[in-house]
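Here are my notes on the model you sent over. Have the structure open while you read, and start with the ground rules.

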Amino acid sequence: MLEPDWSRVLGLIQDTLRSDVPLLEKTNRMILSNTGKLLRPMLSLLMARACGKSNEDSLRYAAASEMLHNATLMHDDVADDSTERRGRPSVMSLLGPNSAVLVGDFWLARAVEMVLSARRKNAVVSLFSKTLTDLAEGEMLQLQKATTADTDEKEYFRIIYCKTASLFEAACVSAAISVDGPEQYCNAAREYARNAGIAFQIKDDLLDYAGDASLGKPVGVDIKEQKITLPLLGALAGSSREQEVRGMVREIHNHPEYCDRVREFVLERKGIEYASARLDEYIAGAEKALSPLPDTWEKEMLIELARYNAFRKI
C-alpha cells in the first residue's frame, strides 16, 4: 500500500550503506536480511502522506530513521552484552564488541549523510541531533540505574522516551516537515509519535514478563540486565516488600534464581495489569493527537499501528 515509496526507501538504505570493504559490506547485507518490523520508516511515510504528498525528502528521512535505529541497536548490544538480535546472532557476537561499535558508527554516519542530502535539511537536523542526545542520555541513565535498582516511574518514562519515543518523534515530525506541513500538523505528529513510542516500549516491557519466547522474542531479559520497568514498578507500588525486591534486582548477577522470584512477584501484585492500563492511556493519546489531520487512509493506518500495541505478541 505504501508503494512505490516503500521500495524507494529500502533502495536508499541499501545504496547508502554500500562499502568497498568486504567485511563491512558482508556485515551490512547480513543486517539488512534480518530487518525486523521496519516500523519507523513505515510511520514516517504514513505521516508524510497524512500531512501532504510524500516527496524525495520524505523518503530520505524515513530511510535515515531506520538506519539510525539499527545503529543504536548495535551499540545497545555492546552495552548489554547481547548475543542475539531478532532471533539471530548479533553483530557483537559474530565480530566482537569493537567491530560492532564501528559498524554501528558507520550506519550512524550514513544516516546523518542521508539527512544532510535532503532539501529541507536545515529544518530537521536539530530533530535528529536531539534524538542522538536523547539516545545517549537514556542509555547512560539506564546503565546507572542498573547498578542502584532505584528506578522510579518518572525516571522510567524518561528512559523510554529517550531510548524509543525520541526516534519515533524524529521520524514523524521530519515527515510532516518534508511535505511543508503547517505547525499544527507538525505538533500533531510530535504528540502522536511521543505517545505511540512510549506505548511501543511499554508493550515490549510487558512482553518481557508475559510474552511467548517461542515466537522469537526472549522473555525475562530485563531483570537479568537489572532493568526495572513498568510491570515491576506497578507491582512495587504500595508493597511492603519493595526494598527486598529491589535488593534482589541488585543481586541478580550473583543470584540468577531471583529472576523467577521477581517475575512471580510481578504476577502476584498485578504488575501486568497496571502496565497494561498505562499502555491503553498512551494508545488513546496517540489516536487523539491525530485529530487535527484530515481523515485519510494513512491517518487510519497510523491509528491502527498505535492500537496494535494492545495485542501484538512480538
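1. Contact here means heavy atoms within 4.5 Å. Keep in mind that this is a predicted model, where local features need pLDDT of at least 70, side-chain atom pairs count only at pLDDT 80 or more, and totals for chains, interfaces and linings use all residues. Residues are numbered from 1 along each chain as its sequence is written, and side-chain values use heavy atoms, with hydrogens and water left out.

2. With that in hand, look at Arg-278. This residue sits in helix 14 (residues 271–289); helices (H or I, at least four residues) and strands (E, at least two) are DSSP runs, numbered from the N terminus. Setting aside neighbours within four places in sequence, Arg-278 is in contact with Glu-153, Phe-157, Ile-202 and Leu-230. Arg-278 has a relative accessible area of 17%, so it counts as buried (under 20% relative accessible area; exposed is over 50%, partly exposed in between, with a 1.4 Å probe and protein chains only).

3. Glu-25 is another charged residue to check. You'll find Glu-25 in helix 2 (residues 22–32), and at 15% relative accessibility it is buried too. Not counting residues up to four places away in sequence, Glu-25 touches Leu-17, Arg-18 and Ser-19.

4. How do helix 6 and helix 7 pack? Helix 6 (residues 97–116) and helix 7 (residues 121–148) meet at an angle of about 155°, and their axes are 9 Å apart. Axes are lines fitted to C-alpha atoms, for helices over the stretch in contact, and angles run from 0 to 180 degrees between N-to-C directions. So helix 6 is roughly antiparallel to helix 7 (angles over 145 degrees; under 35 is roughly parallel, 65 to 115 roughly perpendicular, the rest oblique).

5. Who does the touching there? From helix 6, Leu-108, Val-115 and Leu-116 meet Lys-121, Val-124, Val-125, Phe-128 and Leu-132 of helix 7. This contact has 7 nonpolar residues, no polar ones and 1 charged (Ala, Val, Leu, Ile, Met, Phe, Trp, Tyr, Cys and Pro are nonpolar; Asp, Glu, Lys and Arg are charged; the others, Gly among them, are polar).

6. Now zoom out. The protein has 15 helices and 2 strands, and its C-alpha trace spans about 55 × 50 × 35 Å along the principal axes. Of the 314 residues, 54% count as buried. Among contacts between residues at least 6 apart in sequence, 75% join residues at least 24 apart.
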